[in-house]
Amino acid sequence: MTCAYKYISEACVLQLLTWEKSFEATECALKSVANGCAFQPPRGKVKLPGKFDFIFLMPGYLKDDKYGASISCVFTKCVDNPKRNPPLPIVHTDVTLLDDNTGVTKAIIAGNTIMEWSTAAATTIATKYLHSGKPNKILAVIGASFQGRIHAIGLQKYFNFDEVAKELNSSFNRNVFIATDTVEDAVKNADVIVTATTAEQTLVKWEWVKKGAHINAIGVFPFNIELDAATYRACKVYGDYWDGIKTELNHIEALGVKFEGQIGDVIVGNIPVPGPNDTTIFQSLGMGVEYAAIARLVYDLHESKPNCH
Ligand SMILES: NC(=O)c1ccc[n+]([C@@H]2O[C@H](COP(=O)([O-])OP(=O)(O)OC[C@H]3O[C@@H](n4cnc5c(N)ncnc54)[C@H](O)[C@@H]3O)[C@@H](O)[C@H]2O)c1
Ligand SMILES: O=C(O)[C@@H]1CCCCN1
């Protein structure tokens, strides 16, 4: 019996994806929550009593001729995974691409590369709109695992920074990166900052942040706050979707932070772009529709290269 759906492996996803197309697909997904083309409910979280820590459910439907798709993603988190041989990522996912009419599975696409690329692409698009026309000489990346590394690569691809600063205790190594001893040293001259850690304590202090900089805070899950309260209060703060902000970011709103809106609303012009003197934050949660857009992209590319395994 042949398998009823396609399986597209991680190696194949890596072969098929390009940054240019990922940026385009992700911008479409970010816009969709602002222009009525998305079904994007808050995600479900289940804490498990077993050996791994949680299951996280993210469905999404994006209506678009080029990047539209229906998907469902299940994420699992297991903190022991990096110690295994071979090491595995702490958070794992596959993307299930569904037939829009029947709901039947069309493809299972290995999801870890999609998770990395779509998160970094969302950050890049948010930076493009929130930091438009501002200096972008120095990028600081705090957290040097999967997300930190791919953010450095994706943002560098789009903005071509002169310098990418990262903390010393980090594990990615490429010549363009400059290591610093502390978070303060990394962020103090940065025009654009990424925090992509699992830190439970605040990492970035307002007094270190260059005024007018843009910060992408990625590692929010579940209740982490990588930026101190003064930073949140002083900045204009944007999220990816209102339902997510209202469901998962109450701990940030409790600091007295009022979110300006969704990044998609800035892109489509529903809310103004920040002013030249504003310091800005994109507080990223991740959305099913971002996975839908990239899954559709990967699926269509795979159709044109069916021998990719
Ligand atoms: N917003 C989104 O769309 C999205 C998507 C995927 C992952 N994430 C989140 O991004 C974060 C990073 O993901 P990952 O897969 O790279 O995680 P990971 O577990 O592989 O790596 C976490 C990194 O954080 C660093 N870290 C932990 N505490 C720190 C501290 N106090 N100071 C400096 N660094 C510290 C660790 O050294 C490690 O390098 C996680 O919180 C994850 O949940 C967000
Ligand atoms: O939205 C994401 O891509 C993931 C889901 C799992 C936890 C971290 N963020």
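For these entries I count Ala, Val, Leu, Ile, Met, Phe, Trp, Tyr, Cys and Pro as nonpolar, Asp, Glu, Lys and Arg as charged, and the others, Gly among them, as polar. I am working on a predicted model, in which local features need pLDDT of at least 70 and side-chain atom pairs count only at pLDDT 80 or more, while totals for chains, interfaces and linings use all residues. Residues are numbered from 1 along each chain as its sequence is written, ligands are numbered from 1 in the order in which they are written, and side-chain values use heavy atoms, with hydrogens and water left out.

Ligand 1. I looked up its shell, taking a residue as near if one of its heavy atoms lies within 4 Å, and found 20 residues, of which Ile 90, Ser 145, Gln 147, Thr 197 and Ser 284 come nearest. By class, I noted 10 nonpolar, nine polar and one charged residues. For polar contacts (pairs of N or O atoms within 3.5 Å), I found a nitrogen atom of ligand 1 at 2.9 Å from an N or O atom in the side chain of Ser 284, and an oxygen atom of ligand 1 at 3.4 Å from a polar backbone atom of Leu 285.

Ligand 2. I listed Arg 43, Phe 56, Met 58, Phe 75, Met 115, Leu 285, Gly 286 and Tyr 291 around it, a shell of six nonpolar, one polar and one charged residues. Oxygen atoms of ligand 2 lie 2.9 Å from a polar side-chain atom of Arg 43, 3.1 Å from a polar backbone atom of Leu 285 and 2.3 Å from a polar side-chain atom of Tyr 291.

Terms used:
Polar contact = N/O pair within 3.5 Å; in protein donor to acceptor, adjacent residues only side chain to side chain.
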